[in-house]
Amino acid sequence: MKNKKELSEQLLEAWEETHKKGQLTLWIFLALRDGPKYVSEIKAFIESNTSQTIICEEQSLYRALRKFQQVEMTGYNPGKGDGGPDRKYYFITPMGEDILDRFIERNIKLFFIPEITTLMNRKQPNKPLS
Amino acid sequence: MKILTKQLIIFALLIAVYTLIFRAGLSYCIGHHVWILLGASSLIYSGLIFFTAFFLGKSDAQQNPFFDLGLRFHITSYLIWGAVSFGWFYLGNPHKYEHVEDILQVLIFWGFIIILHTVIFLYTRKDTIRGIRKDEIF
């Protein structure tokens with residue numbers, strides 16, 4: 001049987017895995033709110049701003065962006081590549097901005113309520129896991 | 001929404017080729033009474049269609065996120081099968097024991113299945129936004 005420390009690590013990783021999947025959309029929209037970007041730039045923005053905790057494949061980003069474009073939350077303009085073929089510079093549409101604002105208001109700002117911030121910062125007394 | 005995707009076009013072409021070879025083989029087998037070969041070719045034909053639809057459908061779903069419950073591939077199979085079968089019957093070299101009524105019967109029966117598939121698609125489509133399943137957008 002696994003000891004508590006191993007179990008704790010596995011559970012944390014499983015939770016993070018699920019959490020990250022849901023986070024990718026938010027990070028894509030934050031990257032595009034920062035300004036139009038092509039896929040490699042979106043990837044770099046996400047990885048650098050999450051301190052590499054969210055690593056995403058370019059294919060996943062393309063797939064997500066295609067869906068967001070289909071529902072009119074993002075669009076793209078063709079732009080010059082670095083000596084190579086033209087790139088797609090993705091941007092967030094006004095409707096995408098509005099949905100992002102409302103999503104943040106309803107789901108993210110909760111974490112900044114003082115009671116919740118206090119709870120998140122509260123550490124349990126240090127009991128070593130066997 | 002792009003209905004005529006690259007994968008669907010490749011699928012249509014492959015189904016046309018498979019069906020033409022199958023119909024030619026069918027006429028040959030009937031004419032030469034090689035029933036085992038006829039059975040085997042039917043199995044190979046259905047297996048090829050299944051795997052072609054499986055892999056191209058999967059690739060299509062990855063590149064084109066809209067939801068159609070496989071209806072485009074199904075209708076394409078129906079139309080191509082009908083066109084090639086009639087084409088073989090009237091322009092090809094069918095055996096005298098092959099009848100156009102057989103093709104019509106298959107198309108009528110299959111048509112009912114297409115209608116049922118369409119009804120299920122229309123029913124499940126209410127869980128989509130702009131043709132993408134709600135739980136797959138984000």
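Which residues in helix 1 of chain B are buried? Hello everyone, let's start there. This is a predicted model, where local features need pLDDT of at least 70, side-chain atom pairs count only at pLDDT 80 or more, and totals for chains, interfaces and linings use all residues. Residues are numbered from 1 along each chain as its sequence is written, while chains are lettered from A and ligands numbered from 1 in the order in which they are written.

The buried ones are Gln7(B), Phe11(B), Ile15(B), Thr19(B), Phe22(B), Arg23(B) and Leu26(B). Buried here means 20 or more other C-beta atoms within 10 Å of the residue's own, with C-beta atoms placed from the backbone. Helices are DSSP runs of H or I, at least four residues, and strands are E runs of at least two, numbered from the N terminus. Those buried residues pack against helix 2 (35-63) and helix 3 (71-91) of chain B. Just after helix 1 of chain B, His33(B) has a positive phi of about 55°.

Now, how do the chains meet? Six residues of chain A are in contact with nine of chain B, contact being C-beta atoms, placed from the backbone, within 7 Å. On the chain A side, helix 3 (residues 58-70) gives the largest share, four residues.

Finally, the cores: sets of buried Ala, Val, Leu, Ile, Met, Phe, Trp, Tyr and Cys residues joined through C-beta atoms within 7 Å. The largest nonpolar core has 14 residues, including Ile28(A) and Phe29(A). Helix 1 of chain A gives the most to this core, five residues.

Note on methods
A residue is buried if 20 or more other C-beta atoms lie within 10 Å of its own, exposed if 12 or fewer, and partly exposed in between; C-beta atoms are placed from the backbone. Two residues are in contact if their C-beta atoms, placed from the backbone, lie within 7 Å.
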